[in-house]
Amino acid sequence: MMDFYNKETISENIHTKWAGKTVHFAKETDSTNLWIKRLAEKGAPHGTLALAEYQSAGRGRLGRSWEAPEKTSVMMSLLLRPEFEPQHASMLTLVMGLSVAQAVEKLGLSTSIKWPNDVVVSRKKICGILTEMSIREEKIDHVAIGVGINVNIPEFPAEMADKATSLYLEAGHEFERNVVPGLVMEAFEQNYDKFIQTCDLTHLRRDYEKLLANQNQPVRVLNLQEPYEGIARGITETGELLVEREDGTVSRVSAGEVSVRGLYSYV
C-alpha cells in the first residue's frame, strides 16, 4: 500500500475547530515533544500539532527512550495553552488516552484503556502518551502532549511481543496513517472542551469507564510501602483509580505514585 504521509495529506484529514489546525511535519526530529516546546517558545498557538516520521531522541515515561521503524507509526505532539491552574494538567493524559482509544475504535478495532492512559487492543499496548508542562509565574505557559501510535509495525522484539501490538497486527491489514491524526484530534477537541467546563473528568468519566480494561477486574497495586490486590471499580473525577480491597474499603490510587497491573497479565 502506498503510504503518502506528509503535511498536506495529514492536514486534509483534520476537520476540527482548533485541535491540529496548524500542522508542522518533519521527516526527522529529535522528539516531537521537544519540537513542540520550541514552537511554543516562538509563540505557536493553542492546538498546534507537530508530527515526525522519525524521532532520533523519542522519549517515553520516566525518561525511557522510544523508537519506531520509519513509515510504521504516528508520532505527534499537540500544543495546548490552557487557562486553568497547573494542578489540573496531569488529567490531560487521561483525556488524550480516551481520545486515542475512541479514534482507534473508529478504525474498526475493539479498544480499551489500561489505567491511566495505555491504549490497548487484545490486552496489548498500541499507544504511548507523554504529557509535559511548562509553567511561567505560577501559571501554565503551555502543555505538550506527545502521542506515539503503533500503526503498521509488522513485528516486535521478543521481549515486547507479549505486551505490545500494532493496528496492522490486530486487523491483518495496513492502515493509511494520514487519517489517524485527524481522528485523534477530532476526539480530543470534543473531550477537551468537556474537560475545561469543570477542569476535571466529570463529563468524561462515563466514556472513560466504558473503555477501562481494568473495570471490575482484579488488579495488583505496586507501591513501595505495601503492594496490595483488589478489584478496580472505575475512576474518580480527578482520574484516580478506585480499588476495592478484600475488606471492602476503597482506595484511591494516583497515577504518579504507583503502577497497576492486571493480576494475571499486563492489563
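Trainee: Is Glu138 buried or exposed?

Mentor: Happy to start there, with a word on the source: this is a predicted model, in which local features need pLDDT of at least 70, side-chain atom pairs count only at pLDDT 80 or more, and totals for chains, interfaces and linings use all residues. Residues are numbered from 1 along each chain as its sequence is written, and side-chain values use heavy atoms, with hydrogens and water left out. Buried means under 20% relative accessible area, exposed over 50%, and partly exposed in between (1.4 Å probe, protein chains only). At 69% relative accessibility, Glu138 is exposed.

Trainee: Where does Glu138 lie, and what is its phi?

Mentor: Helices (H or I, at least four residues) and strands (E, at least two) are DSSP runs numbered from the N terminus. On that scheme Glu138 is in the loop between S6 and S7. Most residues other than glycine have a negative phi. Glu138 is not a glycine, yet its phi is positive, at about 65 degrees.

Trainee: Which residues is Pro86 in contact with, beyond its neighbours within four places in sequence?

Mentor: Pro86 sits in the loop between S3 and H3, and it is buried, with a relative accessible area of 16%. Its C-alpha is 8.2 Å from that of Met133, although the two are 47 residues apart in sequence. Taking contact as heavy atoms within 4.5 Å, the partners of Pro86 are Met133, Ile135, Glu138, Lys139 and Ile140.

Trainee: Why do the buried residues of H2 line one face of the helix?

Mentor: Helix H2 covers residues 32–41, and its buried residues are Thr32, Asn33, Trp35, Ile36, Leu39 and Ala40. An α-helix has 3.6 residues a turn, so residues three or four places apart point the same way. The arc is that of the directions from the helix axis to the C-beta atoms. Seen down the axis of H2, the buried residues line one face because they fall within an arc of 160 degrees.

Trainee: Which strands are included in what covers those buried residues of H2?

Mentor: The cover is drawn from several parts of the chain, so let us go in order. It includes S1 (23–29), S2 (49–55) and S3 (73–80). Further along, it also includes S6 (124–136) and S7 (139–150).

Trainee: Which residues does Thr93 touch, not counting those up to four places away in sequence?

Mentor: Thr93 belongs to helix H3, residues 92–106. With 11% relative accessibility, Thr93 counts as buried. The residues it touches are Asn117, Ile129 and Thr131.

Trainee: What is the radius of gyration of the chain?

Mentor: The chain has 267 residues, of which 52% count as buried, and its secondary structure comes to 6 helices and 12 strands. The radius is taken over C-alpha atoms, and the globule rule is 2.2 Å times the number of residues to the power 0.38. A compact globule with 267 residues would have a radius near 18 Å, and the chain agrees with this, at 18 Å.
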